Amino acid sequence: QINDTRGYDYGDRVICAVADQLRLHFRKGDVIARMGGDEFVVFICNISEGDPMEKKVAQLCTDIANIEMDGECAKITCSVGLALSSETTNTFELLYHHADQALYSAKDRAVTEKQHFSNQEEI
């Protein structure tokens, strides 16, 4: 929508601003990639049990929603799908699939929300 209303140059700058926020919120060793359009993926290794991922993602969404461009709020929404590896979910394909399912579940529920993949959901 941003490209349609503000132009591609503005949209490209918004994508760069979102990428900057991702770099600020994650560690240097984490892998951040743009999958295309306005979708990014972040692979985080070695998350400890006590790591407050929910809090980190909530703060990321808040910071993205508050990005300013040209002196005004860019009005960006943020939806996040989280998937954690396990003994049975340990390949890129499965993690990506589960995160994608969680992302679309979050998008269905609200404009700005994060959602964990639940193993109870159908694959």
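Modeller: Let us begin with D9 and R13, which both lie in helix α2, four residues apart, or about one turn of the helix. This is a predicted model, and every value below is computed from it. The side chains of D9 and R13 meet in a salt bridge, with 3.7 Å from N to O. Side chains of opposite charge can pair when their charged atoms come close. D9 has a relative accessibility of 55% and therefore counts as exposed, whereas R13, at 32%, is partly exposed.

R13 has another partner. D70 also forms a salt bridge with R13, and here the closest N and O atoms are 3.0 Å apart. D70 lies in the loop between β3 and β4 (72-73) while R13 is in helix α2, so this pair ties together parts that are 57 residues apart in sequence. With a relative accessibility of 55%, D70 counts as exposed.

R23 and D20 are separated by about one helical turn, because they are three residues apart in helix α2. R23 is exposed, with a relative accessible area of 52%, and D20 is partly exposed, at 38%. Salt bridges that share partners join D9, R13 and D70 into one network. The count of salt bridges comes to six.

Next comes the length of the helix. Helix α2 comprises 18 residues (8-25), which at 1.5 Å a residue should span 26 Å; the end C-alpha atoms are 26 Å apart, so the two values agree.

The helix also has a buried set of residues: Y10, G11, V14, I15, A17, V18, A19, Q21, L22 and H25. These buried residues pack against α1 (2-6), β1, β2, α3 (53-65) and β3 (68-69).

N3 is found in helix α1 and, leaving aside its neighbours within four places in sequence, is in contact with Y8 and G11. The C-alpha atoms of N3 and V14 are separated by 9.7 Å, and these residues are eleven apart along the chain. N3 counts as partly exposed because its relative accessibility is 31%.

The strands β1 (residues 31-36) and β2 (residues 39-43) run antiparallel and are joined by five bridges. In this pairing, V41 of β2 is the bridge partner of A33. The hairpin of β1 and β2 has two residues between the strands, and G37 takes a positive phi near 55 degrees there.

Definitions and conventions
Residues are numbered from 1 along each chain as its sequence is written. This is a predicted model: local features need pLDDT of at least 70, side-chain atom pairs count only at pLDDT 80 or more; totals for chains, interfaces and linings use all residues. Side-chain values use heavy atoms; hydrogens and water are left out. Two strands pair if DSSP finds at least two bridges between them. The expected span of a helix is 1.5 Å times one less than its number of residues. Buried means under 20% relative accessible area, exposed over 50%, partly exposed in between (1.4 Å probe, protein chains only). Contact means heavy atoms within 4.5 Å. A salt bridge is a side-chain nitrogen of Lys or Arg within 4 Å of a carboxyl oxygen of Asp or Glu.
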